[in-house]
Amino acid sequence: MTLTTQSRSTQKSSFPKGATRYRLWDTLGLIFNPLPNLEKYRNRYGDIYSSPGLAAFPGSIIIGSPQGIEELFNLDPNLLDCGTSNAGLKPLLGDQSILQLDGNPHQQRRKLLMPSFHGQRLQTYGNTIIEITQTIINEWQKDHQFYMREITQEITLRIILRVVFGLDKGTQYDELRQRFSKFLDLFNAPLYTIFLFLPYLQKDLGQWSPWGNFQHQKQTIYHLLDQEIDQRKKDQDGEDILSLLLSATDEEGNHLSKAEIMDELVTLLFAGHETTAVSLAWAFYWIHSQPDVYHNLMDELATINLDTEPTEIVKLPYLSAVVSETLRIYPSVIFAFSRTLKTPIEFMGYSLDKGVALSPCVYLVHHHPDFYPDSKKFKPERFLERQFSPYEFIPFGGSNRRCLGYALALYEMKLVLATVLKQVKLKLVNSQPILPVRRGFILSPSGGVKMKVLG
Ligand code: HEM
């Protein structure tokens, strides 16, 4: 829906101020250089402002303050619909993924998946995460140079393949790993970002056309998943998420369809892989660009050793503060899901109509001057000095849509950092500040964080 002056007056609703239309360069600016643009609009219109449709994504009201987030996250979820606003993700994740579900089906799917990412199950992943990281470090020699984002992508992909499919070796594992990495690189290239945001470009003109190639790569992955599901149906004793999805039944005893299972698998691979990889690459960058942060962290890590239990490592306060500050300053996901109103409501003093979408802006909340003074500075201490509420610090969104994998992501980030930093001394190859750039839907460190092994 486009928010125009005319629709406001005829529907007797009251809207926050904001832009009424984006010209092409505004749209490109918001896609490729979103942060200064978000700040520009906030400075112009305030903490809550209306934004017209941005290509594949419908018009919405941007919420950039903890007060607005609190009001939104406390609305009755039955009044809100996320599937409509997530429709732009369908070409990637299919139409049966949890992101497209609402109401009871959404609740049921969360109930099914949740135990795989929390409590006892989470703890069992601890040693797996350390083992996978260790295998990668063992390949490093002194003076070896690499892009940290590629390394963290490799680590998080191996972890998610283990958690979701229970796979860690074999032909099927190798093929999935390679195909999926290739697909991700393709999807994250600037050309494809434009295609995802501008649906009228999504035309399959054969395998050599950009969208045709995208579809072809996607089909290859679905074909591999199809084979894996058939194989697993014969041999259903795993503890991974695929086994869980295969054995799950609804209240009437029906199993999930193959299409539902495949869309969910792709969703978990996507949602759980690049987000964490990029956040980890940022963490390595910040730690190595701020000597005081590095020294404080190393002092704390000196209190543990290589066989300290993962459950103890993840409780370290300074390590936890470094991870939180990393997720605050440049959140890899700058917007949580938009929530579309299923009924008119009063919100933050405005009367909003059915069909209006509310978009929680993680980045603007994390840089709100009342809560984060000096917000452009990387200061883990802020998380030691103060506890932030679930409306002030929202890297994983909130309410009934809160990220399903948040606990796994935090576990991964802390254990990978501790395992690497305890054993290897690294250095940034370039001393210039690294800025965020868009990779697909995610905000990533430009250049990928080039590092060198010192010893
Ligand atoms: C640092 C890493 C991550 C970040 C920053 C992140 C961020 C987010 C955000 C902002 C949302 C939207 C929440 C909302 O609108 O309220 C979300 C949803 C989701 N995330 Fe994550 N995520 C991360 C890692 C993961 C991992 C590891 C997994 C699982 C393997 C995962 C699975 C999901 C799923 C399934 C949803 C949809 C939840 C629903 O619709 O109910 N994410 N994530």
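Strand E10 (residues 436-439) and strand E11 are joined by four bridges and run antiparallel. The names come from DSSP: helices are H or I runs of at least four residues, strands are E runs of at least two, and both are numbered from the N terminus. Two strands pair if DSSP finds at least two bridges between them. In general, strands of a sheet pair through backbone hydrogen bonds, either parallel or antiparallel. Within this pair, arginine 438 has leucine 443 of E11 as its bridge partner. E10 and E11 make a hairpin with two residues between them, and glycine 440 in the turn has a positive phi of about 60 degrees.

A word on the model before we go on. It is predicted, so local features need pLDDT of at least 70 and side-chain atom pairs count only at pLDDT 80 or more, while totals for chains, interfaces and linings use all residues. Residues are numbered from 1 along each chain as its sequence is written.

Follow the chain onward from E11 (442-445) and you reach valine 449, in the loop between E11 and E12. Is valine 449 buried or exposed? Valine 449 counts as buried because it has 28 C-beta neighbours inside 10 Å. The cut-offs are these: a residue is buried if 20 or more other C-beta atoms lie within 10 Å of its own, exposed if 12 or fewer, and partly exposed in between, with C-beta atoms placed from the backbone. Methionine 348 also has a positive phi, near 50 degrees, and is not a glycine. Methionine 348 sits in the loop between strand E6 (345-347) and strand E7 (350-352). With 16 other C-beta atoms within 10 Å, methionine 348 is partly exposed.

Next comes E12 itself (residues 450-453), which is joined to E9 by three bridges, the two running antiparallel. Here leucine 426 stands opposite valine 453 in E12. These strands belong to an open sheet of three, in the order E4-E12-E9, with antiparallel pairing. Strand E4 (145-147) and strand E9 (426-428) stand at the edges, each with a single partner strand, so one side of each has no neighbour in the sheet. On average, neighbouring strands of this sheet are turned by 35 degrees against each other, direction ignored. Helix H8 packs on the sheet, where it touches E4 and E12, and its direction makes about 65 degrees with that of E4. Such angles run from 0 to 180 degrees between N-to-C directions, and axes are lines fitted to C-alpha atoms, for helices over the stretch in contact. Two residues are in contact if their C-beta atoms, placed from the backbone, lie within 7 Å.

H8 has a helix partner too. Two packed helices are described by the angle between their axes and the distance between the axes. For H8 (residues 148-165) and H13 (residues 258-289), the axes come within 8 Å and cross at roughly 145 degrees. Among the residues making this contact are Met148, Thr152 and Ile160 of H8, and Leu265, Gly272 and Phe284 of H13. By class, the contact of H8 with H13 has 12 nonpolar residues, six polar and one charged. In this grouping Ala, Val, Leu, Ile, Met, Phe, Trp, Tyr, Cys and Pro count as nonpolar, Asp, Glu, Lys and Arg as charged, and the others, Gly among them, as polar.

H13 also leads us to the ligand. Which element gives the largest share of the shell around the ligand? That is H13, with seven residues. Both H13 and helix H19 (406-423) supply at least two residues of this shell. Of the 26 residues around the ligand, Gly272, Ala336, Gly397, Cys403 and Gly405 come nearest; a residue is near a molecule or strand if its C-beta atom, placed from the backbone, lies within 6 Å of it. The shell has 14 nonpolar, nine polar and three charged residues.

E1 pairs with strand E2 (residues 60-63) in the antiparallel sense over four bridges, and tyrosine 49 stands opposite isoleucine 62 in E2. From E1 (residues 48-51), Ile48 and Ser50 point one way and Tyr49 and Ser51 the other way, and all are buried.
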